[in-house]
Each structure stands twice: as structure tokens, then as C-alpha cells.
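This report walks through one protein chain, part by part. The sequence and the structure come first.

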Amino acid sequence: MTLTIDHVDKSYSGRAGHAVLAVRDLTLTVADGDLVALLGSSGCGKTSTLRMIAGFEDVSRGGISLAGRRIETLPPARRRVAMAFEGYALYPPLTIAENIGFGLADGGRGIGRAEAAKRVREVADMLEIGPILQRRPNSLSGGQQQRASLARALARDADLHLLDEPMGQLEPQLRAVLRGRVKAALKARGMTAVLVTHDQTEANAMADKIAIMEGGVLQQYGTPNELRDRPANLYVATFLGEPPMNALDGVVEAGGLRLDDISDRLVALPGVRLPPPGARIALGVRPHRLQLNPAAGADVAFQGNVVSNQWLGDQAHVVVELGRRIVVAVSHVRVPVRAGTAVSVGFAAADAHLFDAEGGGALAHGRDAAY
Ligand SMILES: Nc1ncnc2c1ncn2[C@@H]1O[C@H](COP(=O)(O)OP(=O)(O)O)[C@@H](O)[C@H]1O
Ligand SMILES: [Mg+2]
């Protein structure tokens with residue numbers, strides 16, 4: 001069901017009476033049937049947001065609606081929300097099967113006992129915890145407890161499912177498999193869900209839309225493609241992608257950019273709408289979009305010197321000095337360039353991003369025309 005968060009703040013009273021503003025003026029709509037990831041570094045306000053939606057924390061300001069009902073003052077049990085908690089919150093005296101099925105059979109919507117048992121079995125099999133259904137939480141690993149907690153949330157009928165870092169304790173291979181299964185299960189049942197994660201791979205793999213938060217503030221909300229092609233600011237641009245986007249400072253002049261400390265040449269970016277002359281900008285290009293010794297197809301090329309070339313098993317990271325600036329290029333094949341030798345570095349105008357050097361807001365993207 002559709003979730004609307006409307007100008008919500010969350011402040012906690014911290015030490016010495018200082019208020020901690022954990023979430024600031026958050027406005028966000030999750031469409032019915034969508035899976036949205038709240039993505040950001042530790043402490044950016046993800047869990048606080050989820051707990052306000054579920055009702056375990058009060059909102060300090062603003063409103064929350066679910067399926068057209070205002071819910072921010074309702075007790076958790078009346079919000080029709082299911083949540084998998086960051087700390088699992090399993091009941092120690094109950095078996096895993098009892099934890100997952102807790103309240104299912106005689107819950108408000110009343111599915112029968114047999115149907116509840118079947119659902120517990122199905123969700124446990126999906127999450128590979130079928131064999132431990134008769135065990136108790138204390139005898140299990142963190143990864144098993146985490147999957148039991150996720151299973152309990154997914155087994156429920158609810159208007160909204162909230163998943164707080166639901167796979168952080170899993171082995172990488174199992175995590176990759178379960179991402180796909182959990183997404184498919186949510187989609188098959190038409191469920192609306194908010195996933196909290198600090199893992200951009202998880203967000204990209206699972207989410208229809210991603211909301212990036214930093215310092216309690218929503219930075220951008222869009223599809224994974226939109227965030228990659230048209231980051232709203234330099235924070236989002238450098239947060240997404242590894243290694244981070246290269247950023248070079250410069251100034252706009254008539255017909256092109258003059259980049260600081262690289263060369264006196266005017267850099268033309270065909271097809272990119274430049275800000276007015278005089279504007280101080282940062283030019284961003286992602287490492288895997290930089291071409292080394294480009295044959296053709298690069299709109300812009302600079303001469304540089306190779307600082308290092310490291311092969312990481314499946315990709316090369318090549319560090320290049322351009323004038324007095326450093327950029328990183330990534331190649332998925334080995335590149336025969338040696339430290340201390342000259343190299344040319346190029347890129348297509350479509351891969352360029354321009355940001356305001358002061359505030360960091362995006363001014364233009366090479367792929368704007370495609371949107
Ligand atoms: N109960 C609380 N009391 C005081 N401060 C809190 C409380 N819970 C969270 N915070 C603070 O609010 C900020 C956001 O925390 P949280 O929502 O848990 O972030 P995230 O889940 O993104 O890591 C952090 O600075 C955290 O220290
Ligand atoms: Mg958290």
C-alpha cells in the first residue's frame with residue numbers, strides 16, 4: 001500500500017540536554033507495490049525513519065500515511081506494518097518455527113493453523129532455515145537469527161514490510177542468492193516494502209527506487225539508473241560507485257571549461273549544457289568511464305603520467321597524474337601501462353557531470369538529454 005512521509009523530523013534528547021536531530025524534514029512517497037531502499041552511511045537516520053513508520057518512535061514533527069490512513073499516532077499493532085529489526089528481536093523461549101509463526105494463526109486477519117504452518121515452512125525454505133525450525137534462537141548463529149527475523153516479517157500479511165539491514169550478517173554468497181529470492185517473494189505477493197541498508201550493492205540489486213540519506217537529510221530519491229546517471233549533488237555522486245567518481249575543479253568560460261592545475265586548454269563538452277561563464281564547477285567522471293590511451297570516441301583527452309597500475313584479479317585500478325591533479329581509472333581488462341610512463345586519459349562528454357563547486361548541487365549531466 002502507498003506510504004507517504006510528510007515533512008517528518010526526529011529529534012532525540014542527547015547528553016546535557018542537547019537535541020540530536022536524527023531526521024530532518026523528510027518527505028518521501030513509496031508507491032504501492034514498490035521496494036524502496038533507504039541507503040546511507042551509519043548514523044544517517046535510516047533506523048530512526050523505519051522505527052517512526054512502525055511506531056516504535058514518535059515523530060517529532062510531520063505526518064505519516066499508509067493506505068490513505070494517518071498512522072503516526074497509532075500504536076504499532078494498529079498500523080498493519082511488519083518489521084524485521086536490526087537486532088532481530090526474537091523471543092528466546094520460542095523455537096524458530098514458533099517465532100516465525102507467532103500470532104499468524106490467530107492474528108487479526110485470521111489465517112488458519114494449517115495455512116500458517118505452511119507459510120512458515122515456505123518462508124523458512126526460501127531463506128534456507130528449514131532444518132533449524134525446531135531450534136531456539138540462543139543456539140543459532142547471527143546469520144541464522146537474522147534470517148529467522150526476516151522470515152517472521154515476510155510471513156506476515158501487512159500493508160507495509162520494513163526490513164532493517166536484513167542480510168548484513170550473511171555470507172556473501174548466501175546474501176547474493178537471498179537478495180534475489182526475497183525480492184521475487186515480495187513482488188509475487190505485491191508487497192510494498194522499505195529496506196534499510198548501508199550496502200549500495202544490496203540497494204542496487206533489490207530496490208525499485210533508492211532514497212539516499214546523509215546527516216538526517218534526504219539527498220536524492222530515484223531509480224538506481226537515475227542516481228547513477230544524474231546524481232543530484234556531489235555527495236550522491238561520490239557515495240555511489242567504487243572507487244568514487246573523480247572530481248576536478250575548474251571554471252566555466254565561453255565554449256568550455258578551464259580546469260585548475262591540469263592544462264590551460266579549454267575543454268569543450270559537446271552536447272552538455274554549460275552553466276554561465278564565470279561559474280566555479282567540479283567536473284565529475286566515474287573511474288570506469290575514463291579511457292586510457294583512447295583510440296577514438298573520447299571527446300576530451302589529456303596527457304598524464306601513470307602513478308600506479310594495480311590488477312585486483314578482475315579489474316585494474318590505474319592512478320594517473322594530470323598536471324597537479326590525480327584521477328583513478330578502472331579497466332576490466334589488463335592495461336599495459338607502467339608506473340612512470342606517459343598515458344593519455346580521455347572520456348566522452350556523455351560521461352561528464354558538472355556540479356556547483358560551492359554547494360555541490362548538480363548543474364548538468366552528459367546524459368541529461370536521455371531523460
Ligand atoms: N534513542 C536514541 N537516543 C539518542 N540518539 C539516538 C537514538 N537513536 C539514534 N540516535 C542518533 O540518531 C542518529 C541516527 O541514528 P540511526 O537512525 O540509528 O541511524 P542509521 O540507522 O542510519 O545508522 C545517530 O546520530 C544516532 O546516534
Ligand atoms: Mg540503523
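## Two packed helices

Arg119, Val120, Val123 and Ala124 of helix H3 meet Ala151, Leu154 and Ala155 of helix H4. Contact here requires that the C-beta atoms of two residues, placed from the backbone, lie within 7 Å. By class, this contact has 6 nonpolar, no polar and 1 charged residues. Ala, Val, Leu, Ile, Met, Phe, Trp, Tyr, Cys and Pro count as nonpolar, Asp, Glu, Lys and Arg as charged, and the others, Gly among them, as polar.

The model is predicted: local features need pLDDT of at least 70, side-chain atom pairs count only at pLDDT 80 or more, and totals for chains, interfaces and linings use all residues. Residues are numbered from 1 along each chain as its sequence is written, while chains are lettered from A and ligands numbered from 1 in the order in which they are written.

Two packed helices are described by the angle between their axes and the distance between the axes. H3 covers residues 113-126 and H4 residues 142-155; they pack at an angle of about 135°, with axes 9 Å apart. Axes are lines fitted to C-alpha atoms, for helices over the stretch in contact, and angles run from 0 to 180 degrees between N-to-C directions. H3 and H4 are therefore oblique to each other; angles under 35 degrees count as roughly parallel, over 145 as roughly antiparallel, 65 to 115 as roughly perpendicular and the rest as oblique.

## The whole chain

The protein chain has 8 helices and 20 strands. Helices (H or I, at least four residues) and strands (E, at least two) are DSSP runs, numbered from the N terminus. The C-alpha atoms fill a box of roughly 75 × 45 × 45 Å along the principal axes. Of the 371 residues, 39% count as buried. A residue is buried if 20 or more other C-beta atoms lie within 10 Å of its own, exposed if 12 or fewer, and partly exposed in between, with C-beta atoms placed from the backbone. Among contacts between residues at least 6 apart in sequence, 64% join residues at least 24 apart.

Helix H1 (residues 46-54) is largely enclosed by the rest of the structure, because 8 of its 9 residues are buried. Among them are Lys46, Leu50 and Ile53. Gly55 follows H1 and has a positive phi, near 100°.

Arg175 lies in helix H5 (residues 172-188). Arg175 is partly exposed, with 18 other C-beta atoms within 10 Å. Apart from its neighbours within four places in sequence, Arg175 is in contact with Met167 and Leu170.

## An open sheet

An open sheet is formed by 5 strands in the order S12-S11-S13-S19-S20, with antiparallel pairing. Two strands pair if DSSP finds at least two bridges between them. S12 and S20 (362-365) stand at the edges, each with a single partner strand, so one side of each is left without a neighbour in the sheet. The twist averages 35° from one strand to the next.

S11 (residues 246-253) and S12 pair over 4 bridges. They form a hairpin with 2 residues between them, and Gly255 in the turn has a positive phi of about 90°. Two of the facing positions are tabulated.

| Residue | Opposite in S12 |
|---|---|
| Val251 | Arg258 |
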